[in-house]
Amino acid sequence: MTTPSIGTGITSLDNILQGLRLGDNVVWQVDNLEDYPVFARAFVETALQQKRRVVYVRFAAHPAVIPETGAIEVRELNPRSGFDVFCADLHEIIEREGREVFYVFDNLSALVTDWGTDELLANFFQITCPYLFELDTVAYFALTRTRHSNRAIARIRDTTQVLIDVYRVKGQMYVQPLKVWDRYSSEMFRPHRVTDQCWVPVLASDDAAEVSLTAYATALAPVPRSIAPWDSVYRRLRRYQEAGQELSEQSPEIRALKEELVRMLFGTDAHFLELVNSHFRVEDLLDIRDRVIGSGRIGGKAAGMLLARKILEKPGCDYSETFEDQDSFFIGSDVFFTFLVNNDLFRLRLQVARGPEPTGQEFEEIEQRFLEGHFPDEMIGQFERLLDYFGQSPVIVRSSSFLEDSFGNSFAGKYRSEFCANQGNPQQRLEGFLRAIKLVYASALNPDALAYRRRRGLVDSDEQMAILVQRVSGTVHKRYFFPMLAGVAFSRNFYAWSSRIDPQKGAIRLVFGLGTRAVNRVGEDYPRMVAVSSPELRPEFGLKVVKYSQHNIDLLDLDANDLVTLPLSQVLEGGDYPNLHLLVSKLKDGYLMHPYGTDCSEAPSDLVLTFHQLVTQTDFVSLFGRMLACLENAYGHPVDTEFTACVDENRQVRVNLLQCRPLQVPGISKPVGFPVDIRHERVLFRANRMINGGLVSPISHIIYIDPKKYSALRDMTVKKSLGSVVGRVLKHPDLSGSQVLTMGPGRWGSSSIDLGVNVSYADINTTRVLVEMAREEGGHVPEVSYGTHFFLDLVEDGIVYLPVYPDDSQAEFNHSFFASPANCLADLVPSAAPYAEWLQVIDVPAQTGGLQAHVVADPHNQRAVCYLL
Amino acid sequence: MDETNQNQTEAQTKLNPFEMALKNFELAADLLGLDTEIRNQIRLPERELTVHFPVKMRDGKFKVFTGYRVQHSTARGPAKGGIRYHPDVTLDEVKALASWMTYKCATVNIPYGGAKGGVICNPKELNDFELEHMTRRYTSEISCIIGPTKDIPAPDVYTNAQTMAWMMDTYSMARGEYCPGVVTGKPLAIGGSKGRNEATARGCVFVIAEAAKHLQIPLKGARVAIQGFGNAGAISAQLIHDNYDAKVIAVSDSRGAVFCENGFDPHRAIEHKQRTGSVVGLAGTETIPGDAILTLDCDILIPAALENVITPCVANSVKAKIVAEAANGPTVPDADTVLDQKGVFVLPDILANAGGVTVSYFEWVQNNSGLYWTEDEVNARLKQIIVTAFEEVLLASQKYKVNMRRAAWARALDRVAEALKVRGIYP
């Protein structure tokens with residue numbers, strides 16, 4: 001089969017190249033951008049004569065490469081929207097334009113101005129060209145010669161079908177094909193002198209030497225002078241520094257370079273950049289840059305961690321003596337795309353991100369494909385050096401995406417963090433580390449993360465996955481490695497169970513061991529909730545404290561080289577954990593006794609983690625209170641942090657701040673107007689504890705799972721399915737745009753279906769109000785969930801969470817309304833009709849003759865009401 | 001530990017047992033044909049003290065609390081009863097609970113009258129410093145009527161051994177002498193008794209063993225279901241399994257119940273609950289709804305959690321041959337009739353859970369004598385008292401041809417009435 005030949009519009013060139021073919025991507029490397037239009041215009045004219053469709057992809061600031069006439073379709077793209085969005089938009093254009101279309105692109109070198117790195121340029125090329133090839137298009141691209149890294153050019157060369165250098169020697173233009181795929185002649189790759197009549201190959205050796213010496217002066221230089229700011233800005237700042245000059249921000253040039261470096265490392269969020277610019281010196285930024293593996297931004301989580309530490313090291317709130325040293329590394333966001341591109345995962349990601357959320361099984365398959373992916377040798381070399389640096393210290397590989405932990409989005413728990421116990425020989429440690437990175441990368445396609453992005457309108461946002469590699473804080477105890485203390489701390493307290501607790505003063509969820517037990521939902525095991533304003537208070541009393549304490553500990557088992565969860569008693573056997581007396585109370589004679597010395601050699605089963613001495617006899621809580629206030633003050637917004645800490649024998653507290661992000665709470669910006677004088681019969685229920693704020697009005701539908709019926713339901717298959725039915729109802733198109741209140745027994749999302757309806761966050765993330773009902777059943781009042789990771793999802797999505805105790809007279813629970821309402825479940829989702837006995841969908845206006853439900857939740861006064869109006 | 005019941009819960013305190021106590025009292029008085037004068041003398045408490053006292057809080061502010069101490073009867077000995085801290089404490093409730101203590105002590109024939117006390121407060125809103133100061137001031141306020149030979153408080157809802165230690169210390173400091181006998185339920189380090197922690201469960205199991213013997217139900221292999229897996233429930237399960245070879249087929253807690261037709265080792269359930277916070281999910285068991293445990297096909301049912309769980313409707317479906325009330329008031333009065341009709345042998349709470357107050361008595365005896373017993377001694381004496389009490393209640397039941405509850409109340413009331421009668425009226 002012969003491939004049809006396409007004209008370049010220049011006969012000499014056609015002769016040299018033996019013509020173009022459908023599928024060719026042609027890259028022109030030019031010294032001077034003015035040379036590119038010569039070839040592009042000739043190509044376009046010929047194409048138009050042959051009635052080809054021509055699309056000009058316009059994105060650079062330089063003058064138009066070809067005249068923007070009516071015969072040509074111009075598609076404008078904005079590189080400032082970021083690599084991810086740019087590529088996705090271009091992909092859509094290519095998909096829409098279809099087969100055998102001819103393209104001309106602006107100079108690709110312009111992209112690095114906005115994207116910062118050659119790596120992304122190469123990634124762009126590597127994902128775009130194969131798609132164009134598939135569609136039998138012909139595309140012209142330009143690059144500025146000798147201004148990009150060898151590695152980037154090598155990748156472009158590997159990908160493209162045709163690569164041609166255009167340069168001038170003594171004013172004479174030469175054209176030299178460097179690659180012409182599947183075509184060959186004895187003169188094809190020689191320099192060709194361009195004249196009006198014909199192009200002449202340079203055959204004589206002395207001529208050739210002169211031309212080549214001039215054109216390729218830096219051909220084998222190890223580090224070409226890339227124009228990509230990632231390299232150039234760094235180079236210039238380092239040069240200033242090496243020259244012994246002060247990197248004063250008074251100098252406009254240095255200030256500009258700093259801002260550029262900040263943008264490349266931290267992104268474009270104006271509020272965040274302002275904070276970074278005011279807290280980081282140039283030297284700090286260069287130090288961060290030196291710890292970036294690959295190129296690109298360090299992502300939101302890493303940025304939040306670094307910024308918070310900087311804020312707290314400033315004079316006025318100087319906690320530098322309190323902090324453990326920070327020696328994290330950052331895997332730049334470009335590495336993520338390089339991985340996707342090299343392993344043919346970019347288009348898969350695009351499809352998944354824009355299509356329906358993958359099922360659990362589909363995601364497992366996606367994860368497997370990521371695990372099968374490979375990194376370039378150069379990257380592996382850097383990873384090896386990183387692991388050499390850490391030796392056998394355990395590390396954690398944490399997602400740090402662009403959107404993560406930014407103002408308005410936390411992505412809490414959406415992306416993955418993987419511990420590496422980091423034991424074994426270097427090869428084993430490398431394998432573990434690579435696996436962790438791949439799993440974090442795959443988590444970008446986690447259904448929960450995609451649902452979260454969709455819900456917050458972030459599907460089209462530039463989302464790239466950087467990685468934060470942190471040394472795990474802690475010490476070795478027996479065969480285990482873990483921190484003494486870990487947890488999350490909020491600058492506001494939304495878990496105030498008593499009027500004595502000041503919600504403005506923050507809260508700490510504290511655990512012994514790795515913080516995973518404080519961050520994640522862990523059923524039937526409890527972190528210690530510390531109210532900063534009243535640290536000694538707790539919502540339990542007496543032996544209930546034992547029940548509502550931490551019974552298991554997450555730690556790294558160095559022998560097993562793995563993250564494990566062990567019973568506390570096993571870890572505390574022997575009672576020789578340092579300063580244990582600060583963490584435990586002793587179960588003695590049927591009551592909890594706080595230690596009066598350091599001896600904790602009792603049977604480990606009698607030790608209960610209360611953190612009593614820590615809270616009452618060290619500076620721990622007040623220190624956190626001050627730090628949280630300081631962070632909130634600097635951020636100008638409530639914050640949410642993750643930390644590890646330890647206390648030595650002198651009760652000196654040392655903290656490692658792992659993460660800091662803005663805490664989004666609806667209703668916090670202004671007081672909620674609370675309705676008064678609502679007629680009793682119009683009240684559906686009230687709540688008066690542990691509520692976050694918000695106002696939801698009007699509510700057209702209520703999804704109601706009756707606690708009694710749920711409790712009596714014996715058919716486990718039906719019981720397990722109720723969660724997905726709730727999800728189907730909430731996602732039903734008829735309810736899109738409506739506000740829905742969802743209420744059910746006990747803990748939503750509990751791993752035990754006896755404790756609550758089995759839902760994932762993706763099932764219920766479109767409800768506006770989530771109610772957990774603690775209705776007495778057979779003498780038992782089921783517990784509701786509080787202070788869990790899931791709860792924070794609700795808070796951040798502006799979903800009002802309310803615990804309701806229907807048997808409490810103060811709840812004014814409207815039993816008659818919920819007793820036997822008309823159920824529109826079967827009308828809405830006919831296939832769910834068999835579940836109608838347990839799950840009711842109440843059309844509020846239909847049920848009430850036109851009234852609608854409204855919820856007002858006032859977090860400051862801890863009161864909420866749902867009423868009809 | 002609460003000597004009314006070691007498993008008092010918050011939910012319980014919301015229910016006023018006054019009506020139940022009054023109903024039982026009237027029934028027993030009728031059975032005995034008690035004189036109106038004696039009835040009137042017993043019906044009302046001897047002494048009611050209300051105190052209002054300030055406490056300096058951690059933040060430097062003062063807060064005024066209200067507390068009570070009610071002595072229902074001192075006819076048979078010094079008053080005895082717990083002190084509870086709860087926002088819902090009322091004088092009426094304290095009065096009712098004080099009378100209950102009179103009958104419970106009389107049922108097992110320990111030389112005490114009945115009392116109760118309480119402070120209106122929410123301990124969840126008080127730190128240790130404030131709790132201690134409140135306790136000390138309250139102790140000081142009621143010290144005019146308490147004492148080792150007058151009235152001996154003990155732990156109850158939201159009070160514990162630490163609270164008793166503070167009370168004992170306050171009282172001792174004020175008197176200028178060591179007075180361990182002023183309260184019971186103290187830590188072992190300052191005169192608490194061995195065996196007290198297990199006393200309620202141990203007493204309950206002793207009485208079950210006697211009932212089984214009487215009913216000729218072999219305990220070996222007997223099927224036992226236990227509602228509630230706190231102190232009393234869990235230890236009862238252990239004791240009846242370990243000491244009598246009974247088969248524990250189901251246990252429950254606030255999160256649900258687990259069931260295994262062939263029985264399971266309760267030690268595994270305890271370990272599982274310690275590890276996971278609940279019995280639910282115990283390997284080798286099936287999870288069933290919490291209230292289903294009451295109607296399981298079993299020989300012995302031990303309600304060890306909450307009040308009012310055996311309603312007439314539930315009673316209709318109870319299949320157990322013996323119901324041992326380790327909890328206070330698990331059976332509503334109307335359900336008693338249903339259980340009687342079905343021939344269920346009910347061991348009433350004032351007998352079945354009197355082990356706690358009995359070992360409190362032992363603690364007081366040891367404090368007064370200065371001679372402390374081994375745990376075996378404590379348990380042996382407990383058995384002796386409980387077995388005797390059972391036999392006496394059973395005799396009364398046969399004599400009056402009434403169920404064990406009415407018999408126990410009648411036996412208790414008879415003892416109180418007799419004491420009043422022989423002591424006569426002062427002056």
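Helices α12(A) and α23(A) are roughly perpendicular to each other, a label used for angles of 65 to 115 degrees (under 35 counts as roughly parallel, over 145 as roughly antiparallel, and the rest as oblique). This is a predicted model, in which local features need pLDDT of at least 70, side-chain atom pairs count only at pLDDT 80 or more, and totals for chains, interfaces and linings use all residues. Residues are numbered from 1 along each chain as its sequence is written, chains are lettered from A and ligands numbered from 1 in the order in which they are written, and side-chain values use heavy atoms, with hydrogens and water left out.

**Two crossing helices in chain A**

- Two packed helices are described by the angle between their axes and the distance between the axes.
- Helix α12 (residues 299-313) of chain A packs against helix α23 (residues 620-635) of chain A at an angle of about 110°, and their axes are 10 Å apart.
- Axes here are lines fitted to C-alpha atoms, for helices over the stretch in contact, and angles run from 0 to 180 degrees between N-to-C directions.
- Helices (H or I, at least four residues) and strands (E, at least two) are DSSP runs, numbered from the N terminus.
- On the α12(A) side, the meeting residues are Gly304(A), Leu307(A), Ala308(A), Ile311(A) and Leu312(A), while α23(A) brings Met627(A), Cys630(A), Leu631(A), Ala634(A) and Tyr635(A) (contact means heavy atoms within 4.5 Å).
- The residues of this contact divide into 9 nonpolar, 1 polar and no charged.
- For that tally, Ala, Val, Leu, Ile, Met, Phe, Trp, Tyr, Cys and Pro count as nonpolar, Asp, Glu, Lys and Arg as charged, and the others, Gly among them, as polar.

**An antiparallel sheet in chain A**

- Strands β36 (residues 853-858) and β37 (residues 863-868) of chain A are joined in the antiparallel sense over 6 bridges, and Ala853(A) stands opposite Leu868(A) in β37(A).
- Strand β30 of chain A also holds Pro698(A), whose peptide bond from Ser697(A) is cis, with omega near -5°.

**A mixed sheet in chain B**

- Chain B has an open sheet of 5 strands in the order β1-β2-β4-β3-β5, and the pairing is mixed.
- Its edge strands are β1 (47-56) and β5 (151-155) of chain B, each pairing on one side only.
- Neighbouring strands are turned by 25° against each other on average, direction ignored.
- Strand β3 (residues 79-86) of chain B runs parallel to β5(B), joined to it by 5 bridges, and Ala79(B) stands opposite Asp151(B) in β5(B).
- Helix α5 (residues 128-142) of chain B lies across β1, β2 (62-73), β3 and β4 (113-120) of chain B, running at about 140° to β1(B).

**Domains of chain B**

- Chain B is divided into domain 1 (10-18 + 45-190) and domain 2 (199-352), with bounds from an automatic or database domain assignment.
- The C-alpha centres of these two domains of chain B lie 30 Å apart.

**Backbone details to look for**

- Tyr426(B) and Pro427(B) are joined by a cis peptide bond with omega of about 0°, and Pro427(B) is in the segment after α15 (404-423) of chain B.
- Glu100(A) is not a glycine, yet has a positive phi of about 55°; Glu100(A) is found in the loop between α3 (83-97) and β6 (102-107) of chain A.

**Confidence**

- Chain A averages a pLDDT of 86, and 90% of the residues score at least 70 (pLDDT is the predictor's confidence in each residue, from 0 to 100).
- Over residues 666-671 of chain A the pLDDT is below 50, and beyond near neighbours in sequence this stretch has 10 contacts in the model.
- Chain B has a mean pLDDT of 92, with 95% of its residues reaching 70 or more.

Technical notes. Pairing = 2+ DSSP bridges.
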